[in-house]
Amino acid sequence: MELISCKNISLGYDGRVVVKNLSFCVNSGDYLCIVGENGSGKSTLMKTVLRLCKPIAGEIVMGEGLRHNEIGYLPQQTEIQKDFPASVWEIVLSGTLNRCGLCPFYKREQKQRARAIMEKVGIADIASRSYRELSGGQQQRVLLARALSAASRLIFLDEPAAGLDPVAMEKMYELINRLNKEDGITVMMISHDIEAAVKYSSHILHIGEEPYFFGTKEEYLESDVGKKYLFGKQD
Amino acid sequence: MNVFETLLYYLSFSYVRYALIVGVLIALCSSLLGVTLVMKRLSFIGDGLSHIAFGAMAVSSALNISLQMATGGGMAQSMIIVLPVTLISAVLLLRLGENSKIKGDALIAMISVSALAVGYLVMNVFSVSSNISGDVCGTLFGSTSIITLTFSDLCFSLIFSAVVVVIFLLLYNRLFSATFDEAFARATGLRVGAYNLLIALVIAALIVWAMNLIGSLLISALVVFPALSAMRVAKSFKSVIILSLVISVCCAFFGIICSILLSTPVGSTVVIFDLAAFGLFSALGAFIRRAA
């Protein structure tokens with residue numbers, strides 16, 4: 001069952017092409033890690049799949065009637081957010097907004113959903129705290145909870161462990177892994193942490209220098225690009 | 001007469017009461033919109049628009065359409081040119097701000113100053129009034145029309161504020177999401193562009209409306225100050241909104257009272273109150289953070 005399939009897409013920003021002729025697909029239940037050097041177009045690829053940017057060429061097909069309100073997204077933090085006075089509860093609840101339809105206010109089931117997700121992610125005790133006072137790990141958890149509030153099937157994570165200390169990072173990866181394995185949520189994650197990518201994911205997409213690689217984790221470990229990238233890291 | 005009696009004496013005039021009510025309404029609306037603008041880093045739109053509104057006002061007064069306005073007439077006459085020009089500029093400024101390739105801030109600074117220059121030039125060259133500097137001063141800092149507010153101006157202000165408040169309440173949750181994280185809001189299906197446009201249009205209408213009382217230069221202070229003050233201490237979005245509303249309304253109310261008693265210009269007195277409130281809340285915020 002293909003949730004997303006990208007056929008021969010080319011991407012770029014500021015008039016520069018960064019990804020050429022890329023094809024891959026994501027199936028229901030997959031845990032896809034997108035790896036590659038800085039500036040290789042990982043975030044742009046994710047934004048394009050989310051339809052925040054247009055591809056230069058090629059097409060992206062959302063399968064199985066996947067709708068906007070089944071997608072969750074954890075973007076990289078923006079400057080605005082770092083000094084934004086908002087409570088954790090307000091942020092997580094805002095994830096359920098795509099279930100409102102035309103109703104201007106949150107209904108009871110949306111609040112229950114947000115509460116349940118905060119329990120699951122382990123931030124129920126900081127619900128009334130202000131987002132800008134939290135530690136980096138807590139902030140990422142809040143954004144993950146918001147993504148989950150929005151998503152029932154598929155979450156996109158753009159460097160969810162960026163700026164976290166090793167312990168918080170490990171916790172974050174474990175949490176995402178549980179969501180994928182236990183709740184069956186499809187995960188598409190950008191990471192520059194190749195070891196974590198190889199440890200948890202089912203599929204790897206490597207972009208940057210051509211040829212790109214797309215396949216299962218096992219295939220990646222056997223491939224030339226995979227060996228080079230992994231051993232390059234270890235040296 | 002003591003202070004209280006003086007105040008009662010002034011308040012016995014209907015136009016003073018009208019000015020007080022309209023001033024508080026302006027403060028209320030601008031604080032609601034201000035939180036969104038400040039947090040989206042769009043305060044420059046409010047500032048740019050106010051300069052453009054001044055330029056448009058000057059041109060329209062030269063064209064005699066709002067002659068009555070510039071010399072202290074009702075609100076309605078100014079709308080014919082100033083409102084459409086400001087609304088269109090709001091859309092354009094928003095587009096410029098979103099386009100990261102162009103240096104948005106520099107361009108807006110350029111447009112603002114040009115509008116001011118053109119406005120002043122037009123007012124001078126094509127002046128129909130004997131008191132040019134009075135007209136310019138009135139349009140920039142708001143003074144003349146405060147004593148000429150009519151009952152219909154009051155009604156218009158009440159309706160306009162009610163519309164702003166209703167729009168804000170209905171869109172509150174969506175505005176929060178779009179303000180906190182535009183990328184997320186877009187990705188999950190929110191029509192962020194439409195909301196941004198709506199906010200820009202409402203702020204344009206607000207500026208044109210408030211120009212009469214507060215003046216075009218000072219209105220952006222009413223938009224940004226209460227939000228900034230509230231952000232120093234508030235912990236949630238809702239509390240920022242409520243606090244900035246309270247700060248703004250109080251500053252406007254006491255500012256206008258003060259300006260009546262001391263015979264100071266209304267707009268600048270209110271802005272001084274807002275500035276003082278900002279200083280107070282900044283100190284309070286710093287104190288809270290140190291205590292925590």
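This is a predicted model: local features need pLDDT of at least 70, side-chain atom pairs count only at pLDDT 80 or more; totals for chains, interfaces and linings use all residues.

Visitor: What's chain A built from?
Guide: Its secondary structure comes to nine helices and nine strands. Buried residues make up 42% of chain A. As for contacts in chain A between residues at least 6 apart in sequence, 67% of them join residues at least 24 apart.

Visitor: Which domains is chain A divided into?
Guide: Domain 1 covers 1-66 + 154-235, and domain 2 covers 75-152. Their centres, taken over C-alpha atoms, are 24 Å apart.

Visitor: How many residues does each domain put into the contact?
Guide: Domain 1 of chain A puts in 13 residues and domain 2 of chain A puts in 10. On the domain 1 side, the elements that give two or more residues are strand 6 (154-158) and helix 6 (166-183) of chain A. By class, that side of domain 1 has nine nonpolar, two polar and two charged residues.

Visitor: Switching over, how many helices and strands are in chain B?
Guide: Chain B has 13 helices and zero strands. Of its 292 residues, 51% count as buried. Among contacts in chain B with a separation of 6 or more, residues 24 or more positions apart account for 76%.

Visitor: Pick a helix for me. How far does helix 12 of chain B reach?
Guide: Helix 12 of chain B has 26 residues and reaches 37 Å from its first C-alpha to its last. That is close to the 38 Å expected at 1.5 Å a residue. Just after this helix, Ser263(B) takes a positive phi of about 55°.

Visitor: Where do the chains meet, and how many residues are in contact?
Guide: 24 residues of chain B are in contact with 23 residues of chain A. On the chain B side, the elements giving two or more residues are helix 8 (151-180), helix 9 (182-187) and helix 12 (237-262). Helix 8 of chain B gives the most, with seven residues. By class, the chain B side divides into 13 nonpolar, five polar and six charged residues.

Visitor: What about the largest nonpolar core: which residues touch the most other members?
Guide: That core has 159 residues, and the ones touching the most other members are Val92(A), Ile26(B), Ile45(B), Ala53(B), Ile203(B) and Ile207(B). Domain 1 and domain 2 of chain A both give residues to this core, so it lies between them.

Visitor: Tell me about Ile26(B). Buried or exposed?
Guide: Ile26(B) has 27 other C-beta atoms within 10 Å, and 20 or more makes a residue buried, so Ile26(B) is buried. Ile26(B) lies in helix 2 (residues 14-39) of chain B.

Visitor: What is Ile26(B) in contact with, away from its sequence neighbours?
Guide: Leaving aside neighbours within four places in sequence, Ile26(B) is in contact with Ala210(B), Leu213(B), Ile214(B), Leu222(B) and Ala252(B).

Visitor: What about Arg51(A), where is that?
Guide: Arg51(A) is in the loop between helix 1 (42-49) and strand 4 (57-62) of chain A. Phi of Arg51(A) is positive too, near 65°. With 15 C-beta neighbours inside 10 Å, Arg51(A) counts as partly exposed.

Key. Residues are numbered from 1 along each chain as its sequence is written. Chains are lettered from A and ligands numbered from 1 in the order in which they are written. Two residues are in contact if their C-beta atoms, placed from the backbone, lie within 7 Å. Helices (H or I, at least four residues) and strands (E, at least two) are DSSP runs, numbered from the N terminus. Ala, Val, Leu, Ile, Met, Phe, Trp, Tyr, Cys and Pro count as nonpolar, Asp, Glu, Lys and Arg as charged, and the others, Gly among them, as polar. Domain bounds come from an automatic or database domain assignment. The expected span of a helix is 1.5 Å times one less than its number of residues. A residue is buried if 20 or more other C-beta atoms lie within 10 Å of its own, exposed if 12 or fewer, and partly exposed in between; C-beta atoms are placed from the backbone. A nonpolar core is a set of buried Ala, Val, Leu, Ile, Met, Phe, Trp, Tyr and Cys residues joined through C-beta atoms within 7 Å.
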